[in-house]
Amino acid sequence: MSLIPKSHPRAKSLLIREKLVEGFDNGLVAKEGLLAQGRGEAFDYLLGEKTGKAAKQAIKAAAAQLLVAKLPVISVNGNIAALCPKQIVKLSKQIKAKLEVNLFYTNEKRKLSIIKTLKKNGASEILGSKTTSSKKLPGIDSARRIVDKNGIFVADVVVVPLEDGDRTMALRKAGKIVITFDLNPLSRTSQTADITIVDNVTRAIDLLIIELKKLSKKNQKSLQKIVDNFDNKKNLRENVIQIKNNLDRRAKIA
Ligand code: ATP
Ligand code: MG
């Protein structure tokens with residue numbers, strides 16, 4: 001890893017970038033994953049590189065939704081495995097969710113590297129490899145519709161961080177409740193998901209883990225109320241307004 005001085009104004013962002021480059025060198029991340037990170041970084045810049053009020057509300061709704069879920073599944077891709085493998089395994093244990101490696105740019109070798117990384121970080125069972133059984137989601141082209149028979153296929157709630165819009169739409173069409181992390185409030189995934197956490201997954205995932213701990217004391221009825229009171233479209237608008245306000249402020253001082 002190259003040396004990034006702590007005093008660098010973009011030190012955190014550069015460290016995240018380094019993790020992805022390392023993930024790419026280790027066969028976890030696809031080339032396209034590096035580009036996706038670039039798109040995310042641009043939105044992070046516009047959001048002020050911090051977790052906003054709207055994101056905090058979405059995190060709370062996501063935590064409540066996960067606590068009322070019957071069969072939650074977390075979909076893991078290369079970027080997530082490179083950015084926050086420890087946290088994703090911790091999250092899966094906390095809510096008893098299955099982990100499924102599910103790649104947009106599918107590749108068996110990369111899948112195995114991701115599985116190895118998750119295992120190294122404490123995961124026991126990981127679905128989505130050749131050795132587990134697959135099923136096809138309707139309404140999506142062939143390679144991208146494969147899901148695990150015992151995972152996403154039967155899940156009621158699916159967490160899909162950094163996901164493509166087509167797959168998110170297919171999951172919704174298949175009747176899944178979709179929670180995503182996506183820095184771009186305008187992406188099709190953000191617009192299609194039930195709960196979109198517009199924040200960098202590297203910041204938001206720790207906050208989700210904390211929120212889950214807090215809400216775990218609540219009963220199912222009050223958790224469901226939190227979910228029912230959450231309006232994703234409204235939340236996305238608030239994120240766009242946050243970007244607009246940041247730009248307005250900069251327009252005055254630039
Ligand atoms: P869509 O297909 O949903 O319209 P897209 O084609 O613009 O989106 P994809 O590459 O399909 O983009 O999806 C990756 C998404 O992940 C992007 O919206 C990007 O902003 C987001 N993203 C990238 N890195 C991060 C990160 N570290 N944290 C949160 N979101 C991220
Ligand atoms: Mg896309």
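Predicted model: local features only at pLDDT ≥ 70, side-chain atom pairs only at ≥ 80, totals over all residues.
Student: Which element gives the most residues to the shell around ligand 1?

Tutor: The shell holds 18 residues, and among the closest are Asp164, Asp182 and Asn200. Two elements give two or more residues to this shell, namely helix H8 (188–192) and helix H2 (31–47). With four residues, the element that gives the most is H2.

Student: How much of the area that ligand 1 exposes when taken alone does the protein bury?

Tutor: Polar atoms of the protein lie beside nitrogen atoms of ligand 1, for the distance is 3.1 Å to a polar backbone atom of leucine 183, and 3.0 Å to a polar side-chain atom of asparagine 200. Taken alone, ligand 1 exposes 630 Å², and the share of this area that the protein buries is 88%.

Student: Which pocket does ligand 1 take up, and what is the volume of that pocket?

Tutor: Ligand 1 takes up the space of the largest pocket. The lining of this pocket counts 34 residues, with Glu32 and Ala36 among the closest to its centre, and H2 supplies the largest share, eight residues. The space in the largest pocket comes to about 810 Å³.

Student: Which helix supplies the largest share of the lining of the second largest pocket?

Tutor: This second largest pocket has a volume of about 330 Å³, and its 18 lining residues include Lys12, Ser13 and Ile16, which are among the closest to its centre. Helix H1 (11–25), H2 and helix H9 (201–215) each supply at least two of the lining residues. The largest share, six residues, comes from H1.

Definitions and conventions
Residues numbered from 1 in each chain as written. Chains lettered and ligands numbered in written order. Heavy atoms only, no water. Near = heavy atom within 4 Å. Polar contact = N/O pair within 3.5 Å; in protein donor to acceptor, adjacent residues only side chain to side chain. Areas by Shrake-Rupley, 256 points an atom, 1.4 Å probe, with all protein chains shown as cover. 1 Å grid on protein atoms, 1.4 Å probe; cavity = no way out; pocket = protein on both sides within 12 Å on 5 of 7 lines; lining within 4 Å. Sits in = over half its atoms within 2 Å of the grid points. Points joined across faces, edges and corners; volume = space filled by probe spheres on them.
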